[in-house]
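Subject: Structure for you to look at

Hello,

Here is the structure I promised to pass on. Please open it and keep it beside you while you read my notes below.

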Amino acid sequence: MNLTLRIWRQQGPDTPGEMTEYRVSGISEDMSFLEMLDTLNEELILRGERPVAFDHDCREGICGACGMVINGQAHGPERTTTCQLHMRHFRDGDTIDVEPWRAGAFPVVRDLVVDRSALDRIIGSGGYVTAPTGSAPEAHATPVPKEAADLAFEHAECIGCGACVAACPNGSAMLFTAAKVVHLNVLPQGAPERASRVRNMVGTMDEEGFGGCTNTGECATACPKGIPLSGIARLNREFLRS
Amino acid sequence: MSYLDYTLGEPVVDTAAPAGPIEQRWERRRFEAKLVNPANRRKHTVIVVGTGLAGGAAGATLAEQGYRVVQFCFQDSPRRAHSIAAQGGINAAKNYRNDGDSVRRLFYDTVKGGDFRARESNVHRLAEVSVEIIDQCVAQGVPFAREYGGLLDTRSFGGVQVSRTFYARGQTGQQLLLGAYQALSRQIAAGNVEMHPRTEMLDLLVVDGRARGIVARDLVTGEIRSYTADAVVLATGGYGNVFYLSTNAKNSNATAVWRAHRRGALFANPCFTQIHPTCIPRSGDHQSKLTLMSESLRNDGRIWVPKAKGDTRPPAQIPEDERDYYLERIYPAFGNLVPRDIASRAAKVVCDEGRGVGPGGQGVYLDFADAIARLGRDAVEAKYGNLFEMYQRITAEDPYTVPMRIYPAIHYTMGGLWVDYDLQTTIPGLFAIGEANFSDHGANRLGASALMQGLADGYFVLPPTLNDYLGRTKLDAVPADHPELAAVEAESADRLNLILAVDGDRTPDSFHRELGELLWEECGMARDEAGLRRALARIPQIREEFWRRIKVPGTGEELNQALEKANRLVDYFELAELMCLDALHRAESCGGHFRTESATPDGEAARRDEEFGYAAAWEFTGTGTAPVLHKEQLVFEHVHPTQRSYA
């Protein structure tokens, strides 16, 4: 199929960017969205133009590196990561808008690459269990009820891609923060730091410039891993409890 | 002198493994290790490159112990290292099932599974440490699968007869990595780890014969600078991406290990690569990577191709008597459950015969029709639902009604930097952990053992041995104006500038695809002398063409992903050459290395222990010049070599 792409090009964080139009042809419906961009980049290189910069790595939906706003939606029209979005979801002749994550806390590095290090700093402020290597008791010393283990797992699936932030009209990281707080706070191993964890992580989230939550729910709709919106309610409960 | 005329160097005799009963060696090593006073540890800087299971675990643990850690990853966050994509599980000899498992049995299975090309002392230690890993990860809050009583669930994996694999649905690697990442994040926030994301190691700094730092490039600004330390730990993963198409992440690369090799670290068994039989086949020339699906699918799926060549009818229109269930036919005892390498080679054979299915004839069917008829659709969905969904997302075909198409893909590399018992390379002060080293898996890795080895090395093995090195070694600070720093920085910058200056007419990916296809053809699932010689003749030609025709727009002083790719390719060319030479010299079949000339009458891999019962450790002598082979003779005191048979 033949497509028109309008892609956000921006040299660096301090230079203005703009949507630039490209045409690509011979796109197979079996290509992933990133393979379609690879095709464009191969052509750009041969023309001596700078290829479009974008983050990507595993290309199987688990590392969380890729992410772009496609036709106004984080990761595009399917509920999956950009690398797992295939071109069969588009039609010949389509015009597709491709933009980076838009959020105050995610400055653009170049083109479609943004700086998501704020998410790492939220984790560093409390998204862990303090268990230095060697200090662990025998694994079966503390049974964990299956319901708690399953609830923890459901939230632990977060891949840290930042789609929730990009989709939120407020640029809030509540779903991301909730995912880690719920994962660790429902487990007995996470209990001793339960209160400090949620306070510190929410505090860092605010300091990093993420917006507040107004229960829009766009985050959970965009999340490629299906982190439930109820996680935010649990986060709020943990916060009030602390 | 031709590259093929390698010479034989001194054998490797000292592996630093303690003597004595194998069960006591690790304890003895730790007891004899020199310690560093806790108050003095912060005076020591350790560089860790990579943040996967091995690197993340090592960085966190060393920082917890009080060392000053400076850590690097090329990704935007340490959480994205490729360990995250491991699906199946992690082995540990806990014997929670009371099914006869033990440290001894895990040790035995690993040595045997590696087809007797691993070092017994290291493997035994791995099995010992495995039980501590599970404890550590549970304490971190890793959400392993549990039973209703609240205890950990396990399953049997990769054909072993005990249930020793712990798992977190199909995302075990992700959950273990996040555990290590969170521990590392705690140390970063505490100021004990100086983390450099989006920074790629370009070279190793060797000063007075010891590894004293690295030269790295900030991938955003392009700045190239030196970082000095008292020791350097490479946790940079495997080199499967040399094949271009593999299950590895796109940016996983071999530059760190290869640069270390060029600086004097021996590289062991580069031809030992593992191919996974159940990956989704390529759909066209645009394919950028391959996706693995858990091989548990082979428990219920039946593998077949049409009996006739070039039969392009849809599978539903091919009658039962015109199908060849070739694994069931050739291996009636094991059927579709033969080991990874045998299933992979058989698929290639039928595709090479022209009986492959799907685009380009590079695929075989994995059919669930019988399982659905026998167990019901719901039961199949409960077992494999997420895998079927993933398959359907990628191929747009419904595996409940149309047989899946699968094809083998490069998945893991057993070879790597040669390390001794302490995980130290032949450059003092340079350590290699996880997939980056050659230790533990021999010629073939068992399922669910990669995660085990990465975490064993990072959490438990490296910290005490590194402690010993730092405790025993008197190191003066490397002055910032030491000439070696400026020299290596300039060398790294020159290489990038040379690439940029060519301004030719071919992209980095076009060269990478060409190299990958050549390797896959000649040094992939089955190798023979003629093919390897063809590859060894062809690689220097591709390299020469690269330096004439490569085109990379932009500059080195900016985020330039095409430049990153081209720079990694320069190392892939040399590595590919060594892989082919290693495969050529090892005129036996073992594990993942199948030489068609060395097969049993029924077509199975035939080892030649008398001649090749050693690890091949290669010494670099220059680009395109013949390397020197150092043999580490392997001694089997506890597990006696036997020939595999699955007929």
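Start with chain A. It splits into domain 1 (3-110) and domain 2 (116-241). Their C-alpha centres are 29 Å apart. Where the two domains meet, domain 1 of chain A gives 17 residues and domain 2 of chain A gives 16 residues. The domain 1 side of that contact holds 8 nonpolar, 7 polar and 2 charged residues. Keep in mind that this is a predicted model.

Next, the contact between the chains. Here 64 residues of chain A meet 60 residues of chain B. Which elements of chain B give two or more residues to this side? They are helix 3 (53-64), helix 5 (120-139), helix 6 (172-189) and helix 16 (561-585). Helix 6 of chain B has the largest share, with 9 residues. Sorted by class, the chain B side has 22 nonpolar, 23 polar and 15 charged residues.

UniProt, in an unreviewed entry, lists B:Arg340 under "active site". Look for B:Arg340 in helix 9 of chain B, which covers residues 340-355. Is B:Arg340 buried or exposed? It counts as buried, because 25 C-beta neighbours lie inside 10 Å and the cut-off for buried is 20 or more. Leaving out residues up to four places away in sequence, B:Arg340 touches B:Gln274, B:Ile275, B:His276, B:Pro277 and B:Glu295.

Best wishes

Methods. Residues are numbered from 1 along each chain as its sequence is written. Chains are lettered from A and ligands numbered from 1 in the order in which they are written. This is a predicted model: local features need pLDDT of at least 70, side-chain atom pairs count only at pLDDT 80 or more; totals for chains, interfaces and linings use all residues. Two residues are in contact if their C-beta atoms, placed from the backbone, lie within 7 Å. Helices (H or I, at least four residues) and strands (E, at least two) are DSSP runs, numbered from the N terminus. Ala, Val, Leu, Ile, Met, Phe, Trp, Tyr, Cys and Pro count as nonpolar, Asp, Glu, Lys and Arg as charged, and the others, Gly among them, as polar. UniProt positions are given in the numbering used here, feature names are shortened, and annotations may be inferred rather than shown by experiment. A residue is buried if 20 or more other C-beta atoms lie within 10 Å of its own, exposed if 12 or fewer, and partly exposed in between; C-beta atoms are placed from the backbone. Domain bounds come from an automatic or database domain assignment.
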